[in-house]
Amino acid sequence: FVIKQFHLSFLLLGLGLSAFFWMPAIAEMRFTDVAGQVSATANFRDHFVCLSQLWDSAWGFGGSATGCIDGMSFRLGKLSILLSIVSLFLLIFSRPKLFMKHLGWLGVTIAASSLFLVLPISSHVWELSPFIAYFQYPWRFLATASIGMSLLSAVAFASLKSIVLARFMAIITIGVVLVINGKLFRPQYIIDRSASAYETTEELRWRVSKISDEYLPPGFRKPKSEKELPQGIVEGGTSISFQLTSTASADVIINKAYFPGWRYWVNGAEVVPKISDGLPIVTIPKGKNLIKAQLTNTPVQTLGNVISLVSFIVLGGILWVKNRR
């Protein structure tokens, strides 16, 4: 019971430390077009992993496709699988220390649940879970499966009576893995293009932006060609300030995608903009006007930041108390 409480406490602490990220991501998802990423091209039904691919599959530089032949490898590593099997055998039939016993079963739980979600037998779970489709590709759970297998594999080394021998075998295992897999880290081909060529205004404003637009507001009117991009000075960063002289009262469209954290001022007075196609519109009077905009934290972002800060302080307190003993 104490061990389970210990694990639950650190799970809650981990959630607290990462609250600055996951709380806004969930609460403010509706203000972005992230839901558009769950489309026909990212249908999870087409990206399950075949059981045989976990043992061996071709190493490539492409993507995943329907069936058991993909452009990328989904193998877990033969040595990792064999080591996990040995560790599981020791976990069941030997008597490891209490901590290693719970750590091993935690690894089994993580690895087994992750591998279940990777394989086609979990299709009903994917269909019934409302948010799991945002993972897009079942094979992404291979990352958590690897973590579980690593925790489980620790049992094999901990079962060795000599600490020196355990460390020596761990180093040998790591070395073998690097030697076996080192050849896979050779590039498929080399592009003869400098890094600065990818950082030009044209490159960033068109080619890169059109393939990473999931954080634009829903309904945002996306340019269909480079000619439709906003011309002139393009404001960047989290603040905007400019002067504008008008011969009559007018509505001004600010070419900066709207998000609830943005606040707007006209001549020092804060205004609430109208939103059209994801862009804010403010009304200015006749004459010379000063328009300002500033991106600030939303309430849920502030709450997430506070929870993460408190969790960090709690973690520091736990480590301090432990080191004092």
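Modeller: Let us begin with terms. Axes are lines fitted to C-alpha atoms, for helices over the stretch in contact, and angles run from 0 to 180 degrees between N-to-C directions. Helices (H or I, at least four residues) are DSSP runs numbered from the N terminus. The model is predicted: local features need pLDDT of at least 70, side-chain atom pairs count only at pLDDT 80 or more, and totals for chains, interfaces and linings use all residues. Residues are numbered from 1 along each chain as its sequence is written, and side-chain values use heavy atoms, with hydrogens and water left out.

Colleague: At what angle do helix α5 and α7 pack?

Modeller: Angles under 35 degrees count as roughly parallel, over 145 as roughly antiparallel, 65 to 115 as roughly perpendicular and the rest as oblique. Here α5 (residues 98-118) packs against α7 at about 150 degrees, the axes being 7 Å apart. The pair is therefore roughly antiparallel.

Colleague: How do α4 and α7 cross?

Modeller: The axes of α4 (residues 78-93) and α7 (residues 142-158) come within 8 Å and cross at roughly 60 degrees. That angle makes α4 oblique to α7. Among the residues that meet are S80, L83 and L91 in α4, with M149, V155 and F157 in α7. By class, this contact of α4 with α7 holds ten nonpolar, four polar and no charged residues.

Colleague: What angle separates α4 and α5?

Modeller: These two pack at about 130 degrees, with axes 10 Å apart. Helix α4 is therefore oblique to α5. L88, L91 and I92 of α4 touch M100, K101, G104, W105 and V108 of α5. The classes there are six nonpolar, one polar and one charged.

Technical notes:
Contact means heavy atoms within 4.5 Å. Ala, Val, Leu, Ile, Met, Phe, Trp, Tyr, Cys and Pro count as nonpolar, Asp, Glu, Lys and Arg as charged, and the others, Gly among them, as polar.
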